[in-house]
Amino acid sequence: MDDEQASIRRRFAEAIFLIAAGVRKREELFCSDSHRYPYADELRSGIEKFVALHMQYAENDQIRYALTEGLSESSFIRSHCTQDLATWVEGWSPAAKEALSDDSNLRFGPLVDVYGNFFSVTNDCEQLLASNGNGDLADLHEFQAYTMLKAGGQNGYVFGRKFLITHPILTYDDLSLIRSGNLSSIDAESPAQIDESGIDPNWFYDLVKLAYESAPNDARICPACGWTMTRQRLQTMCMSVECAKGVDATSFERLPKLAPDSLRLRRGIMRFIAKPGKLELEIARNVQKTGLAFELWPAFDSCDILVTLPDGRTIAIDAKDHKNIDRLTRDIQKDTMKDALNAAMAIYVVPRSTPPKRLETANAALKNKPGHACTTLPQLNRLLKHEQENQHAGK
């Protein structure tokens, strides 16, 4: 798939996802208060993205401007959202239709049923959202990235996911190497477990085109997460509030600038894959130092790291980079990771900053679930060392 075809598919998916999310939000807002106008940013943004595509790829001026004449949210809902999605692109150029020919989203019918001055979303609308992440645009991008990663097979999944985690920003030179198919010179990050020769370079290039976007020209490299920090007036902004703490207007100017024509991960991929992935790789590097055998994201992420002890028993490890330890404990009570992997233990690694008393409380609540525990990374290291020593002593 060439760059333009990939761009059409990506932009079309974003547009219809936002439109579907927007009409659902409008219905919910109207049902909660029928006296207020149900304004939905998602719907407006989705229509704008779709109109931009239509203006670019419509087959002639008559088709091109028929959409925009008297265009409003209400008219778009009646003229387009009541029609099968395949009809939305009927007047586009043959090249654009070819790019979308096997797009699974085109199988959906109308997004709404209209009656009088009101409408309701259809099952097709709900299914479209559910099949693309079911949330906002960040969820869509995360969902698309995971789908693409799995399409690369287990080796591709590990290589691609590790690449996204270790490359929140991509230079033009990096992109040139990827475009040329030279994967062996791209990823020198440890732990290196993958033979790049078995990975399809075209698949990896498509993953990169999906996962990255142009970086803001005035951005700096965030010292906390490695993504892009920007400034609006005196306020610095990045992936989270923690990134911006302590970075004022003066210190912002001293941060490293991005190389020209750099790309950055899309926000949803940075937030849900790359940012928590830093802890996952830190755990893997620590396990690697012990000399124990391990796998990263086995069976497409059944756990983050599966460690094999000298006697053959396994420990399933999941990184949990959030601070709500009470919610984590409730989630662990329902988790099936240990049983699914037939592991001897399931360990959930939480941030070092977790207060010891909270950790004790969490593990006390897990006593009714044998073989499950929450630890910090230093505690995990001690546990693995203890297991090794016990087994050597038993020989």
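Colleague: How many helices and strands does the protein have?
Modeller: The protein has 18 helices and 13 strands. Please keep in mind that this is a predicted model.

Colleague: What box do the C-alpha atoms fill?
Modeller: Taken along the principal axes, the box is roughly 80 × 50 × 45 Å.

Colleague: And what share of the residues is buried?
Modeller: Of the 395 residues in the protein, 47% are buried. The protein exposes about 19,600 Å², and carbon and sulfur atoms supply 49% of that area.

Colleague: What about contacts between residues 24 or more positions apart?
Modeller: Such pairs account for 68% of the contacts in the protein with a separation of 6 or more.

Colleague: Let us turn to the cores. Which residues have the most contacts inside the largest nonpolar core?
Modeller: They are Phe163, Phe204, Tyr212, Leu265, Ile283, Val307 and Ile317, in a core of 59 residues. Helix H13, which spans residues 267–290, gives the most to this core, with nine residues. As a general point, nonpolar side chains tend to be buried together in soluble globular proteins.

Colleague: What does isoleucine 283 touch?
Modeller: Not counting residues up to four places away in sequence, isoleucine 283 touches Ile305, Ile317, Ala319, Val349, Leu377 and Leu380. There is also a second, separate core of 37 residues, which includes Ile77, Trp88, Val89 and Leu106.

Colleague: Now charges. How many positive and negative side chains are there?
Modeller: There are 47 positive and 54 negative side chains, and the centres of the two sets lie 8 Å apart.

Colleague: How many salt bridges does a search of the whole structure find?
Modeller: The search finds 22 salt bridges. One of interest is formed by arginine 264 and glutamate 213, whose closest N and O atoms are 3.0 Å apart.

Colleague: Where do arginine 264 and glutamate 213 lie?
Modeller: Arginine 264 lies in strand S8 (residues 263–265) and glutamate 213 in strand S4 (residues 212–214), so the pair ties together parts that are 51 residues apart in sequence.

Colleague: Is arginine 264 buried or exposed?
Modeller: Arginine 264 counts as buried, because its relative accessibility is 14% and the cut-off for a buried residue is under 20%. Glutamate 213, with a relative accessible area of 23%, is partly exposed.

Colleague: What can you say about the salt bridge of arginine 313?
Modeller: Arginine 313 pairs with aspartate 311, and their closest N and O atoms are 2.8 Å apart. Arginine 313 counts as partly exposed at 32% relative accessibility, and aspartate 311 counts as partly exposed at 46%.

Colleague: And how far is it from N to O in the salt bridge of lysine 320 and aspartate 318?
Modeller: For lysine 320 and aspartate 318 the N to O distance is 3.6 Å. Lysine 320 is partly exposed, with a relative accessible area of 23%, whereas aspartate 318 is buried, with 13%.

Colleague: Which residues do salt bridges that share partners join into one network?
Modeller: The network consists of Glu14, Lys49, Glu213, Arg264 and Arg266.

Colleague: A change of topic: where does serine 120 lie?
Modeller: Serine 120 lies in strand S2, residues 118–121. Its C-alpha is 9.4 Å from that of arginine 26, although serine 120 and arginine 26 are 94 residues apart in sequence.

Colleague: With which residues is serine 120 in contact?
Modeller: Leaving aside neighbours within four places in sequence, serine 120 is in contact with Glu27, Leu111, Val112, Asp113 and Tyr115.

Technical notes: Residues numbered from 1 in each chain as written. Predicted model: local features only at pLDDT ≥ 70, side-chain atom pairs only at ≥ 80, totals over all residues. Heavy atoms only, no water. Helix = DSSP H or I, 4+ residues; strand = E, 2+ residues; numbered from the N terminus. Buried < 20%, exposed > 50% of the residue type's maximum accessible area, 1.4 Å probe, protein only. Contact = heavy atoms within 4.5 Å. Areas by Shrake-Rupley, 256 points an atom, 1.4 Å probe, with all protein chains shown as cover. Lys, Arg positive; Asp, Glu negative; His and termini not counted. Charge placed at Lys NZ, Arg CZ, Asp CG, Glu CD. Salt bridge = Lys/Arg side-chain N within 4 Å of Asp/Glu carboxyl O. Core = buried A, V, L, I, M, F, W, Y, C linked by side-chain atoms within 4.5 Å.
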